[in-house]
Each structure stands twice: as C-alpha cells, then as structure tokens.
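Welcome, and take a moment to look over the sequence and the model before reading on.

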Amino acid sequence: MIRDLANPSRFMAYSGRLLPWLAGAAALALGVGLYMTWFTVPADYQQGETVRIMYLHVPAAWLSLFFYATMAASALGTLVWRHPLADVSQKAAAPIGAAFTFICLVTGSLWGKPMWGTYWQWDARLTSMLVMLLIYLGIMALWRAIEEPSRAARAVSILTLVGAVNVPIVKFSVDWWNTLHQPASVFRLGGPTIHSSMLIPLLVMALGFTLLGVTLHLSGMRTEILRRRVRTLTILEAERLDAQAA
Amino acid sequence: MTTHAAFIAAAYAITALVVAGLILRAYLDHRVQQQALAELEARGAGRRSRRG
C-alpha cells in the first residue's frame, strides 16, 4: 500500500476520494463531542465547570505528540527509505502539529489560572511542551530557509529526529520529575482514572481532533504536491524561454 | 454560569480561531497552487524546447 502510494498521481487520486469522507467524519465527531462537552458532561467535584477545558487541552496535547511522531516517522522515510512522499508528509505535518501544541499551551494556561492560581509555571511538563512548540517553529523556518525541496527535506529530517528526544520527555516528565501538572490519567498502566461520564466525551473529542488533523494533513500533502509541480513547470518554462532566446 | 466562565469561553474561542485559521490556510493555499498550475499548463510550460 505504502509503495503503491509512492506515486504522487496515485496518491492524489486516492486522497481526493478519501478527503470528503474524512472531513465529514471529523465534523460529525467534533459536533457530537462538543454537544457532550457542553450539555451532558457533569462538572468536576473539585474543578467545577473549568474541567470543560480538558476536552480541548488533552486532545490537543495528544495530537501535538501524534504529529511529531508522524514527522519523525516521515523523517526516517526520507533519510532511510527515500520514499517520495515522506518529505511531503513531514512538511505538511509541521504547521498542524505547531497549531495543536499552541492550543495545548494556551488552553492549559487558561485552565491553570483558576486551578493553580497562575497562568504559567516553569515545571517539566509545561517547559518541555514549550520546547516542542519552539522545535516545530524551527522546523517550519528551516523548510522556508532552503529553497530546493530535497535538500530542505534532508536538513529538516535531521533536525526532526534530534528534536524527537523531547517526545518521551514531554510524555514522562510528570513521572520523572515532581511537577505541578497532574500525572497521566487516561493512558496509564493501571487503566484510566477518569469516570466514564467524562472519559467517553474526552475520547469522542480526541477522535474528532484526530480526524480533523488527518484531514488537514492529507490536504496539506496534496497542496505540497501541487506546489512542487508548479515549481517544476516554472523551471521548465524558464529553460524553454532561455533556449528560444539563445 | 460559573465565576470561571471567562476562562472556559476564552479557551473555546481561541481553539476555534486557531482551527478556523488552519482550515482557511489549507483551503487558500490549495486554491493558489491550483490556479498557478492551471496557468502554467495553459501556457504550455510543461513542453520541452525544440532541439537543433
């Protein structure tokens, strides 16, 4: 399948058929998730209504890590297997991952103020998440700094793989260090510690965010393929005009 | 609503803005590239120059 999709024209055909279904499923899941979040989820016995911020904050945090993992896998695809769509996937994932990281930081901050009494604390989880946002922004800047796509892809792949060290730090920071941030309450060895009345809406929102992210990623990959075709045709046109002038 | 309503509303509003921005950026960028490709193809940019 992956080898089949190595052909950009075939990828454009498959993804073009898949995209409307993915977008529809994302809208449906987010609609149901938001309805549950606003109308059926009970207030938390300690945090009150502010727990509703969790339904944005937690899925955004998961997707921030998901898109970094996607970029790291694509970086390996570029450097090791030289898959023709690997760097296209890397480039399309960066702004989406950065946006979800930003949402995670902002919603966390807005949740922290009423619960912790502060918008920001330089603790391990918050700081490693900020570092992740900076790495995303650095990767996006590097893509823009090098014009030739395959050269840019190699440089970005190395930076992405170096930055991947931060992924386990983000995930396990709450276990390794004494932090203000609470430890994991869904993906943990003993099972989730959240009651199903809150867990199910959280998982529905996470599904909606994931479908939205995948839709945007596929759409971004299609646009990047078009951008490269435009670049190639522009170069060919310039060569043809040069040859005619000579 | 609670005394913390402003924090909840701000979290949802900022998330909605960022997501809307992502969707709008994806749509506009795709349209720009599609138009540029159509113009280049209309000009015959893909044709090779004649040799000789």
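This is a predicted model: local features need pLDDT of at least 70, side-chain atom pairs count only at pLDDT 80 or more; totals for chains, interfaces and linings use all residues.

Helix α5 of chain A itself covers residues 149-163, which makes 15 residues. From its first C-alpha to its last it reaches 20 Å, close to the 21 Å expected at 1.5 Å a residue. Which residues of this helix are buried? They are A:Ala153, A:Val156, A:Ser157, A:Thr160 and A:Gly163. Viewed down the axis of α5(A), these buried residues fall within an arc of 130°, so they line one face of the helix. On the other side of α5(A) you will find A:Arg151 and A:Val162, which are exposed.

Now step back to see the whole of chain A. The C-alpha trace of chain A spans about 80 × 35 × 30 Å along its principal axes. Among the 246 residues in chain A, buried residues make up 39%. If you take the contacts in chain A with a separation of 6 or more, residues 24 or more positions apart account for 75% of them.

Chain B has one helix and zero strands. It consists of 52 residues, of which 17% count as buried. The mean pLDDT of chain B is 87, and 83% of its residues reach 70 or more. The model as a whole scores ipTM 0.89 and pTM 0.90.

How many residues does each chain bring to the contact between them? Chain A brings 33 residues and chain B brings 24 residues. On the side of chain B that touches chain A, 13 residues are nonpolar, eight are polar and three are charged.

As a general point, nonpolar side chains tend to be buried together in soluble globular proteins.

Leaving aside its neighbours within four places in sequence, B:Ala11 is in contact with A:Ile53, A:Leu56, A:Thr107, A:Leu110 and A:Trp111.

Next, follow α2(A) along its length. This helix has 28 residues and reaches 39 Å from its first C-alpha to its last, close to the 40 Å expected at 1.5 Å a residue. Because 20 of its 28 residues are buried, α2(A) is largely enclosed by the rest of the structure. Just after α2(A) comes A:Arg82, with a positive phi of about 50° although this residue is not a glycine. A:Arg82 lies in the loop between α2 and α3 of chain A. Is A:Arg82 buried or exposed? With 12 other C-beta atoms within 10 Å, A:Arg82 is exposed.

Two further residues are worth a visit. A:Gly33 sits in helix α1 (residues 8-40) of chain A, and A:Gly33 counts as buried because it has 23 C-beta neighbours inside 10 Å. In sequence, A:Gly33 and A:Leu207 are 174 residues apart, while in space they are 8.8 Å apart, C-alpha to C-alpha. Beyond its neighbours within four places in sequence, A:Gly33 is in contact with A:Tyr55, A:Pro201, A:Val204, A:Met205 and A:Gly208.

The second residue is A:Ala124, found in helix α4 of chain A. A:Ala124 is buried, with 20 other C-beta atoms within 10 Å. Not counting residues up to four places away in sequence, A:Ala124 touches A:Ser173, A:Trp177 and A:Thr179. How far from A:Ala124 is A:Ala73, 51 residues apart along the chain? Their C-alpha atoms are separated by 25 Å.

Terms used
Residues are numbered from 1 along each chain as its sequence is written. Chains are lettered from A and ligands numbered from 1 in the order in which they are written. Two residues are in contact if their C-beta atoms, placed from the backbone, lie within 7 Å. Ala, Val, Leu, Ile, Met, Phe, Trp, Tyr, Cys and Pro count as nonpolar, Asp, Glu, Lys and Arg as charged, and the others, Gly among them, as polar. Helices (H or I, at least four residues) and strands (E, at least two) are DSSP runs, numbered from the N terminus. The expected span of a helix is 1.5 Å times one less than its number of residues. The arc is that of the directions from the helix axis to the C-beta atoms. pLDDT is the predictor's confidence in each residue, from 0 to 100.
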